[in-house]
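User: I'd like a close look at one part of this model, please. Walk me through it in plain words and tell me which cut-offs you use.

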Amino acid sequence: MAIPAAQMRSTTELNPLLDRLRDLQCGFRKQPMPTVLERTEWLAKLKQVLLDAQDQLVTALNEDFGNRATPETMLGEIMPSIQGINYAMKRIKRWMKPSKRHVGLQLQPAKAKVIYQPLGVVGIIVPWNYPIYLAMGPLTTALAAGNRAYLKLSEYTPKTSALLAELLTNNFPDDLVAVATGDAQVGINFSKLPFDHLLFTGSTQVGHAVMAAAAENLTPVTLELGGKSPVIIDKDFPIAEAAERICFGKAFNAGQTCVAPDYILLPKSQENNFINAFKACFNKMYSSNQQHYSCIINERQYQRLQDWLVDATQQGATIHKMESVAEDAEQGCMTMHLVANTKPGMKIRQQEVFGPILPIVGYENLDEAIGLVNSGPRPLALYYFGLDENQQEKVLTHTHSGGVCINDTMMHVAVDDLPFGGVGHSGMGQYHGHEGFLTFSKAKPVFSKGKFNGAKLVYPPYKQPILKLLYRFFVR
């Protein structure tokens, strides 16, 4: 298991790095509006760094987790990072183009437009579960928007964080991209810096603290949190097919994904069928090669999950343990557990699971399932399995969540052209694609007039005939 990294960046060094990113001689203040070419070159460099170091990154992440399945690192970290860069590079010129806006007749002659100006220095706090993708994704959109970036990497993936820090500092000047690593205290001090925008990805609990720290400087924040992302299986969807798609999404990275299915809502009559189908899918996916199944990041997280299983068992739950993956407490390997006969007071029903435990909740009808979802905090993702388009629309319009997949799980995050973000307790703001560019830009309205000034007609002293004419045409 990974051991938290020793502090690699003293807190006293945080402010000087931020100052350099803003520096008048070489930082943002020297070049507050980078060109299309400059931004494209930054992203091309970032892409090449990732391509050249992909094998090193896979190895580092595998060592940090004890076992991190190589295909999961490639599919969940490297590939989406590269694709996100490619997507942004092709669209930077279009995104930067000023947007013409309408000017009413009463304000003519004049023009209006919106220009998209970089905010300045963007702070990015990176979590441990996807330390490459959740660093590269925000960094990509921050650079595409013309900003400087300052990253705080996770102490729980020390080898990966050290490698990323080395790659970024060796390939980018510290007045463009800066990196901090270290323990929780470094993270606290980092969130107190006066950034122009701060993006945090992590737990809701820590998100409260980050937002409070940022408020001291009125720093705007994007919070990508988590929550209990539900899966609703309707009666018309084949249960075996649903089980296979859910199994892939839940077992990926051993459930350590912010948008992983957190609990299942399904017709009570289908509970046993789902359990049997899920077991068959999991055994098929992982029995032949246990290296394809990732470990839990550290002992603390492993013990938390074990304690929650004990809590559920003591309250009458039935645990269905997948036998195809051998558990190893020392290495941190924990197989998948389906939990039936759950009760609302169980910890696995109250808090985000973030691991290979999947509670099952039976319902009588879809309205009851929707009511159960709406009775809790709004989740980061919601997954609905059903073929009736009217029912699909009902779920979409009667629930709130950061994102939705219909008849699948997690795949919406991989769509570059879809915004990603939470709502309520699952976060605020969004990034990815064009929305990421807008998040890290100031949409500045510009109103322009020429030599002729028609507004003089309404300057004091006010002339009643002109005012009456204006009121007649425009106050109706």
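User: Which residue forms a salt bridge with aspartate 262, and how far apart are the closest N and O atoms?

Analyst: Aspartate 262 forms a salt bridge with lysine 228, and the closest N and O atoms are 2.3 Å apart. A quick word on the ground rules: this is a predicted model, where local features need pLDDT of at least 70 and side-chain atom pairs count only at pLDDT 80 or more, while totals for chains, interfaces and linings use all residues. Residues are numbered from 1 along each chain as its sequence is written, and side-chain values use heavy atoms, with hydrogens and water left out.

By salt bridge I mean a side-chain nitrogen of Lys or Arg within 4 Å of a carboxyl oxygen of Asp or Glu. Side chains of opposite charge can pair when their charged atoms come close. Helices (H or I, at least four residues) and strands (E, at least two) are DSSP runs, numbered from the N terminus.

Both partners are tucked away. Aspartate 262 counts as buried at 2% relative accessibility, and lysine 228 is buried too, at 16%. The scale here: buried is under 20% relative accessible area, exposed is over 50%, and partly exposed is in between, using a 1.4 Å probe and protein chains only.

Now for the annotated residues. The loop between α8 (239-251) and β9 (263-267) also holds cysteine 258. According to the unreviewed UniProt entry, the "active site" annotation covers Glu224 and Cys258. They span 35 residues in sequence, yet no two of their C-alpha atoms are more than 8.8 Å apart, so they gather at one spot. Of these residues, Cys258 is included in the lining of the second largest cavity. A cavity is a set of points on a 1 Å grid over the protein atoms alone where a 1.4 Å probe fits but cannot get out, and lining residues have an atom within 4 Å of a point. As for the annotation, UniProt positions are given in the numbering used here, feature names are shortened, and annotations may be inferred rather than shown by experiment.

Glutamate 224 lies in strand β7 (residues 221-224) and is buried, with a relative accessible area of 1%. Cysteine 258 is buried as well, at 14%. For contacts (heavy atoms within 4.5 Å), I skip residues up to four places away in sequence. On that basis, glutamate 224 touches residues including Phe200, Thr201, Gly202, Leu380 and Phe420. Cysteine 258 has Leu380 and Phe420 among its contacts, along with Asn129, Leu225, Gly226 and Ser229.

Back to the charged pairs, for comparison. The count comes to 11 salt bridges. One of the pairs is aspartate 174 with arginine 20, whose closest N and O atoms are 2.5 Å apart. Aspartate 174 lies in the loop between α5 (158-171) and β5 (177-180) and arginine 20 in helix α1 (residues 14-22), so the pair ties together parts that are 154 residues apart in sequence. Aspartate 174 is partly exposed at 32%, and arginine 20 is partly exposed at 35%. Glutamate 327 and lysine 321 also meet in a salt bridge, 3.2 Å from N to O. Glutamate 327 is partly exposed at 29%, as is lysine 321 at 37%.

Technical notes
1 Å grid on protein atoms, 1.4 Å probe; cavity = no way out; pocket = protein on both sides within 12 Å on 5 of 7 lines; lining within 4 Å.
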